[in-house]
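Here is a short tour of one protein model, with an eye on its rings and charges. Have the structure open beside you as you read.

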Amino acid sequence: MEIYQQKNLYLVLSYTLDGRKATHLPIPAYRCYGGGQVTVIIFVNRNGNVVNAQINETVSANDKCLREYALRAARQSKFTKSNTAPERQTGEIVYQFIAQ
C-alpha cells in the first residue's frame with residue numbers, strides 16, 4: 001500500500017491504490033467556508049481512469065460543499081496503467097480541507 005500526501009495552504013490530500021501511482025491528482029479549488037475530511041472511494045480501471053467514485057459515508061464530513069468538490073476532483077484523477085490489476089480496482093482518496 002502506497003500512501004501519497006500533498007499539502008498546500010488549504011488542503012491535505014492522500015491516496016491509497018495498491019501497486020499504482022497517481023499521474024494526475026487535481027487539487028480541488030473549492031469555495032466552501034468549512035473544513036473537514038472527506039474520503040472518496042474510487043474504482044479505477046486497468047487504464048488508470050477513475051470509472052466511479054463515491055463518498056465513504058462513515059468517515060466523511062457532512063458538508064455538502066466539501067463533498068461535491070472532493071468527488072469532482074476524485075473523478076478527474078488518473079493513475080498508472082496495470083494489466084495485472086482487477087478490471088475495477090478499489091482505492092481511496094482522502095481530502096482534508098482546511099477552513100478558509
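## Rings, charges and fold

Let's begin with a charge and a ring: the charged end of Arg72 sits over the ring of Tyr69, at 5.0 Å from the ring centre. Please keep in mind that this is a predicted model.

How many aromatic pairs does the count come to? The total is 2 aromatic pairs. One of them joins Tyr15 and Phe79 in an edge-to-face arrangement, with 5.4 Å from centre to centre and 65 degrees between the planes. Tyr15 belongs to strand 2 (residues 11-16) and Phe79 to strand 6 (residues 78-79), so this pair ties together parts that are 64 residues apart in sequence. Are these two residues buried or exposed? Both Tyr15 and Phe79 are buried.

The rings of Tyr95 and Phe97 also pair, and this pair is stacked because the planes stand at 20 degrees, with the centres 6.1 Å apart. The cut-off behind that label is an angle under 30 degrees. Tyr95 is buried, with a relative accessible area of 0%. Phe97 counts as buried too, because its relative accessibility of 2% falls under the 20% limit.

Here are the two ring pairs side by side:

| Pair | Centre to centre | Angle between planes | Arrangement |
|---|---|---|---|
| Tyr15 and Phe79 | 5.4 Å | 65 degrees | edge-to-face |
| Tyr95 and Phe97 | 6.1 Å | 20 degrees | stacked |

Stepping back to the whole chain, you will find 1 helix and 7 strands. Along the sequence these elements follow the pattern β-β-β-β-β-α-β-β.

What about the overall dimensions? The radius of gyration is 13 Å, and a compact globule of 100 residues would have a value near 13 Å, so the two agree. Taken along the principal axes, the C-alpha atoms fill a box of roughly 40 × 25 × 20 Å.

Of the 100 residues in the chain, 45% count as buried, and Tyr15 and Phe79 are both buried. Among contacts with a separation of 6 or more, 68% come from residues 24 or more positions apart. The accessible surface of the chain comes to about 5,800 Å², and carbon and sulfur atoms account for 48% of that area.

Terms used
Residues numbered from 1 in each chain as written. Predicted model: local features only at pLDDT ≥ 70, side-chain atom pairs only at ≥ 80, totals over all residues. Heavy atoms only, no water. Phe/Tyr/Trp six-rings, centres within 6.5 Å; stacked < 30°, edge-to-face > 60°. Helix = DSSP H or I, 4+ residues; strand = E, 2+ residues; numbered from the N terminus. Buried < 20%, exposed > 50% of the residue type's maximum accessible area, 1.4 Å probe, protein only. Lys NZ or Arg CZ within 6 Å of the ring centre and 35° of its normal. Rg over C-alpha atoms; globule rule 2.2 N^0.38 Å. Contact = heavy atoms within 4.5 Å. Areas by Shrake-Rupley, 256 points an atom, 1.4 Å probe, with all protein chains shown as cover.
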